[in-house]
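Reader: Hey, I'm new to this one. Can you walk me through it?

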Amino acid sequence: MRTAFGAGARVPDGLAVAVAVAVAVAGVSALGPSMDRKATGPPLVEGTGHILTAMKRHGVRRYLGHATPGVLDPREKPTPVTRLIAFMPRTFMRRAYDEITGMTGRGHALGPGPARRALPRPREHPRQARLRVGFFGADKLGFAVGRAPALSN
C-alpha cells in the first residue's frame, strides 16, 4: 500500500487498509507522530490498529514500523540513555510521545518473534555492510539506522 497523507488528513478507514494488506507479505508503516505543537489527538494509533488488524486477518506476520528507544520492547531493559530519551518527549512533546507509545503498543500486541521490527531513527548515512540488531539494555546497539541518501536529479 502506498498512500500519502497531508497535514490534517484523516487516517484511512479499515476497509481501505484491509484491501491493500490482503495481497501483502509484510506490513510496513512509515507513520510517525506530528511534531507540530498544534496537532491534536492520536490518529496514527487508529491507523496502526487498522494495519495490524488487517495483517492478522490475512495472516501477514512481519511488521516494520518506526519506533523510539524511549518506548522499550518488553524484552528490553531501561538504560540511563533510554530513560533520558523517553524523558525529553514525555516532558516537552507529550501528545507526540503518547501517540508513538500507542502505536508501539499496538505493534507489541503482535507478540514476540519475527513478527515485529522497529527502526528507531533513520538518517542520511551510507549503508553499512552489517546491521546491528538486538535489544536495548542487553545488546550493543546504536540509536539510529543509516540509509543511503536519495539520488538527486
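Predicted model: local features only at pLDDT ≥ 70, side-chain atom pairs only at ≥ 80, totals over all residues.

Reader: Okay, so what span should helix 4 have, and how far apart are its end C-alpha atoms?

Author: Helix 4 covers residues 94–108, so its 15 residues should span 21 Å, and the end C-alpha atoms are 21 Å apart, which agrees.

Reader: Which residues of helix 4 are buried?

Author: Ala-96, Tyr-97, Glu-99, Ile-100, Met-103, Thr-104 and Gly-107 are buried there. Looking down the axis of helix 4, you'd find these buried residues within an arc of 165 degrees, so they line one face of the helix.

Reader: Switching topic: what makes up the nonpolar surface patch?

Author: Leu-84, Phe-87, Met-88 and Phe-92 form that patch, which is about 390 Å². Phe-92 belongs to helix 3, residues 80–92, and counts as partly exposed because its relative accessibility is 46%.

Reader: And what about Ile-85, where does that lie?

Author: Ile-85 lies in helix 3 too. Ile-85 is partly exposed, with a relative accessible area of 25%.

Reader: Now the strands. Do strand 1 and strand 2 run parallel or antiparallel?

Author: Parallel: strand 1 (residues 26–29) and strand 2 are joined by 4 bridges. Gly-27 stands opposite Tyr-63 of strand 2.

Reader: Which residues are on the covered face of strand 2?

Author: Tyr-63 and Gly-65 are on the covered face, while Arg-62, Leu-64 and His-66 are on the uncovered one. In a regular strand, side chains alternate between the two faces of the sheet.

Key
Residues numbered from 1 in each chain as written. Heavy atoms only, no water. Patch = residues over 30% accessible without salt bridge, like charges linked within 9 Å, V, L, I, M, F, W, Y side chains within 5 Å. Areas by Shrake-Rupley, 256 points an atom, 1.4 Å probe, with all protein chains shown as cover. Salt bridge = Lys/Arg side-chain N within 4 Å of Asp/Glu carboxyl O. Helix = DSSP H or I, 4+ residues; strand = E, 2+ residues; numbered from the N terminus. Buried < 20%, exposed > 50% of the residue type's maximum accessible area, 1.4 Å probe, protein only. Expected span 1.5 Å × (residues − 1). Arc of directions from axis to C-beta. Pairing = 2+ DSSP bridges.
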